[in-house]
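The sequence and the model come next, followed by the contacts grouped by topic.

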Amino acid sequence: MRLLYNALVRTLDSSRPIASALLIDRGEIVAVGGEELLEARAEKQDLGGRVVLPGLTDAHIHLHHYSLGLQKIDCETDTLEECLRRVAERVQSAKPGEWIFGHGWNQNAWNNFSPRRKEEREGEFTSQRKKESSPPSPLRGANSWPSAADLDAVAPNNPVYLTAKSLHAAWANSAALRAAGIAASTPNPQNGEIQRDERGQPTGILLESAMELVGNIVPQPGILALADAIQKAQSALWRMGLTGVHDFDRRACFMALQLLHARGGLKLRVVKNIPVEDLDHAAALGLRSGFGDDWLRIGSVKAFMDGALGPRTAAMFQPYLGEPGNRGILNMDGEQLFEYARAAANVGLSMTVHAIGDRANHEVLDAYEQLRRYERDQGLSPLRHRIEHVQVLHADDAPRLAALDVIASMQPIHATSDMPMADKYWGDRSSLAYAWRTQLDHGAKLAFGSDAPVESPNPFWGLHAAVTRRRADGSPAPEGWYPEQKLTMEEALHGFTTGAAYAAGLEHRLGRLAEGCLADLIVLEQDPFTVEADELLTMQSSATMVGGEWVWEA
């Protein structure tokens with residue numbers, strides 16, 4: 001047994017919120033208390049008055065993409081020129097013909113397009129998208145997108161494929177387009193768009209499902225290499241204070257996690273969600289939500305209802321400001337989603353659906369309303385269904401998550417990252433964007449994450465966003481952006497602990513420091529409940545324990 005004592009233990013357990021000692025045996029907490037536990041026969045560790053919290057969980061991460069992304073070019077820059085410089089630097093060490101990968105560019109953040117470049121782009125591009133929901137329209141923010149020619153100038157002999165910060169757009173050079181067979185005659189795939197210039201030639205920008213035209217042909221690491229990358233990434237996550245994640249990547253990631261678990265290297269609690277295209281396979285195998293063990297278990301079936309704000313593909317009721325023909329891309333309607341959800345419910349699989357725009361969220365809620373009736377009529381146990389992101393809602397839909405007992409799986413850091421885009425393209429609709437307080441007040445359960453590698457998985461940055469709704473530089477104002485949506489520290493912390501545990505069906509094992517819970521915890525030098533909010537931005541774990549084992553120590 002191990003005794004941790006002389007600590008400020010914030011248990012997040014309502015029956016005993018504060019303690020000073022924890023007794024741990026075989027990976028579980030067997031007692032929570034104070035000086036009376038010092039009599040226990042155990043290995044004793046004095047924590048010197050430090051703060052102890054339950055281990056934090058990122059309830060929405062792309063573990064495959066995040067782990068491999070640590071090896072890619074960091075394209076999250078303030079300027080186009082800096083992004084291109086980093087690509088050129090990588091090219092110098094690459095062999096001719098070798099693929100160059102990067103992630104994180106955001107054309108909305110680039111502010112240095114020269115007058116010449118801007119004039120070149122003014123009126124240059126037109127959208128070829130043909131959606132029944134909206135007629136063809138001028139390309140979204142035409143002068144803000146980069147082109148294949150930009151990459152060709154720095155990488156003439158290497159195919160280059162750079163995913164956008166949102167993961168809903170990609171930027172490829174001419175060599176990559178040729179490798180994928182993308183030409184003027186290539187049709188847009190369903191729910192995707194090959195951006196084209198006024199002559200109909202591909203520009204190098206691929207939106208939504210069009211990304212797969214290149215993404216599916218690039219060299220992929222084997223399962224062993226992916227398992228190694230995930231194992232290495234664990235250290236970065238432990239240092240940030242994370243002891244668990246809910247993963248939203250696909251089959252290769254699941255196989256790598258199983259391999260890592262089998263060889264004893266998995267030291268994160270992972271809830272693995274299943275892509276909706278694999279629903280029939282999962283049902284045929286008899287998989288259910290919750291199948292697995294304390295380390296790796298099945299979560300929900302993941303579907304996509306729409307795109308994202310960055311490329312303006314999130315499905316909206318009304319057009320984006322300044323783009324009268326653009327209401328985004330709706331991948332399916334509520335009836336189609338219900339058919340998937342019914343099939344999943346019949347075999348005990350819960351649903352989780354990516355929905356960002358107000359129309360997308362409305363369609364998901366309509367489907368979930370049908371699903372709840374179906375569960376009752378068929379005598380099925382009501383499952384823990386989720387919506388991922390819930391980024392903007394119509395006012396009429398704001399109470400519906402709570403009414404339908406649907407988990408709001410949200411990412412606080414999205415608000416501070418996206419607020420300039422939300423103001424620019426959604427305008428007043430942003431009053432119900434990233435609306436954590438609204439959801440909490442209506443009674444919805446919140447589970448918080450990061451959507452890494454879209455954003456950093458650092459949960460303390462997420463906590464800062466949740467309690468301040470400000471960026472690190474203090475913008476947009478001391479009171480924050482739509483400050484009525486701010487949370488208290490305790491409310492925000494529950495999103496990364498008890499809320500995430502509830503979403504996983506593990507509320508009796510995780511998220512709290514209480515008798516019978518798994519011994520997953522972090523040690524901090526400062527108390528997040530009492531420090532100035534901006535100090536959260538530099539906070540990290542001094543020591544991280546998973547299953548009673550110290551896996552990280554500063």
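Rings of Phe, Tyr and Trp (for Trp, the six-membered ring) count as a pair if their centres lie within 6.5 Å, and the pair is called stacked if the planes are under 30 degrees apart, edge-to-face if over 60, and tilted otherwise. By this rule the count comes to 10 aromatic pairs. The model is a predicted one, in which local features need pLDDT of at least 70 and side-chain atom pairs count only at pLDDT 80 or more, while totals for chains, interfaces and linings use all residues. Residues are numbered from 1 along each chain as its sequence is written, and side-chain values use heavy atoms, with hydrogens and water left out.

**Aromatic pairs**

- Trp 105 and Trp 171 form an edge-to-face pair, with 5.8 Å from centre to centre and 75° between the planes.
- Because Trp 105 lies in strand β10 (residues 100-105) and Trp 171 in strand β13 (residues 169-172), this pair ties together parts that are 66 residues apart in sequence; helices (H or I, at least four residues) and strands (E, at least two) are DSSP runs numbered from the N terminus.
- Trp 105 is buried at 1% relative accessibility, and Trp 171 is buried at 0%, where buried means under 20% relative accessible area, exposed over 50%, and partly exposed in between (1.4 Å probe, protein chains only).
- Trp 105 and Trp 171 also belong to one aromatic cluster with Trp 110 and Trp 145.

**Salt bridges**

- A search of the whole structure finds 33 salt bridges, each being a side-chain nitrogen of Lys or Arg within 4 Å of a carboxyl oxygen of Asp or Glu.
- Glu 43 forms a salt bridge with Arg 2, their closest N and O atoms being 3.7 Å apart; since Glu 43 lies in strand β6 (residues 43-46) and Arg 2 in strand β1 (residues 2-5), the pair ties together parts 41 residues apart in sequence.
- Arg 437 and Asp 441 meet in a salt bridge of 3.4 Å, N to O, and both lie in helix α14 (residues 436-442), four residues apart, about one turn of the helix.
- Of these two partners, Arg 437 is buried at 17% relative accessible area, whereas Asp 441 is exposed at 58%.

**Charges over rings**

- The charged end of Arg 10 sits over the ring of Phe 529, 4.3 Å from its centre, a contact that requires NZ of Lys or CZ of Arg within 6 Å of the ring centre and within 35 degrees of the ring normal.
- The charged end of Lys 302 sits over the ring of Phe 304, 4.1 Å from its centre.
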